[in-house]
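Please look through the sequence and the fold slowly before reading on.

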Amino acid sequence: MDSRPIGVFDSGVGGLSAVRVLRALLPGEDILYFGDTANVPYGGKSVEELRALASASSRLLAGKGAKALLVACGTVSSNCLEVVGRASGLPCCGVLRGAALRACNTTRNGRVGVLSTEATARSGAFEREIRALRPELAVFSFGTSRLVPLAEAGRTEYSDPLVREAVEDAAARFSGSGIDTLILGCTHFPLLAPALARAFEGVRLIDSGETGAGEFMGLLRARGLLSAKKRGGRVTAFVSGGIESFERSAGLFLPGGLDDIRAVDA
């Protein structure tokens, strides 16, 4: 048993979708969350930039006493997950493998879609993971830069013209593919899940934050890192950009709110 906090990071508020699941699965764990809002979005950045940002985020949380890290960012998970362990010296996992496995076990017609950031789509990581598990599946991918800013701004309703246009455009990219399962390959996207469900009518949506949290719990258990506490875990957020805007959007991901929020240098 290990009473130290677990660490979670993302480019902004999106990774809180994984934190919400972790709080339900492991209510006794203290959680340190880093939202790198000064550099959001990550989806348009180069691999070199992503490696630098992932290394800095990892070192920040390790320096604050985290015992293991969940990379609750599809872009980092698919492009440079390996730097996280090296930079932090801690056990870690991302949000790619669990989502790929869930999709492989969910699809009935063998046609899977991946909706992600542009950098994740360019990496091809989800496709490789899915085909390693089930090479016979057909995989269709689209990377968009339009959804993360909407989620960060708390604009999530299908009735919002900008949201409706963005999700309908995403759905149009998969027109004719016949997918029955869609991985939300960015942890910001679950906040838009109701709007996406309307655009992708009849398609099963896979929340990569949820599946990543489940995989992370397995890692903690296997390494003997679970806390002995069964309840009372606290969530402390560190934010590199504006605290007020982060806190407003965080409430949409975490209805119970944060226990503490602090500014840090980017």
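A residue counts as buried when its relative accessible area is under 20%, as exposed when over 50%, and as partly exposed in between, using a 1.4 Å probe and protein chains only. The model is predicted, so local features need pLDDT of at least 70 and side-chain atom pairs count only at pLDDT 80 or more, while totals for chains, interfaces and linings use all residues. Residues are numbered from 1 along each chain as its sequence is written, and side-chain values use heavy atoms, with hydrogens and water left out.

With that in mind, begin with phenylalanine 253, which counts as buried because its relative accessibility is 1%. This phenylalanine 253 is found in helix α12, residues 243-253, where helices (H or I, at least four residues) and strands (E, at least two) are DSSP runs numbered from the N terminus. Leaving aside residues up to four places away in sequence, phenylalanine 253 touches Val13, Gly14, Leu16, Ser17, Arg20, Thr187, His188 and Leu191, contact meaning heavy atoms within 4.5 Å. Glycine 14 lies 239 residues from phenylalanine 253 along the chain, yet their C-alpha atoms are separated by 7.9 Å.

Turn next to the sheet, in which 6 strands with parallel pairing form an open arrangement in the order β4-β3-β1-β2-β9-β10; two strands pair if DSSP finds at least two bridges between them. Because β4 (92-93) and β10 (260-263) stand at the edges with a single partner strand each, one side of each is left without a neighbour in the sheet. Strand β9 (residues 235-239) runs parallel to β10 and is joined to β10 by 4 bridges, and valine 239 stands opposite alanine 263 in β10.

Across β1 (6-10), β2 (31-35) and β3 (69-71) lies helix α2 (residues 47-63), which runs at about 155° to β1. Here axes are lines fitted to C-alpha atoms, for helices over the stretch in contact, and angles run from 0 to 180 degrees between N-to-C directions.

Finally, consider two helices, α5 (residues 97-106) and α7 (residues 125-133), whose axes come within 9 Å and cross at roughly 50°. The two are therefore oblique to each other, since angles under 35 degrees count as roughly parallel, over 145 as roughly antiparallel, 65 to 115 as roughly perpendicular and the rest as oblique. Arg97, Ala99, Ala100, Leu101 and Cys104 of α5 make the contact with Phe126, Glu129, Ile130 and Leu133 of α7.
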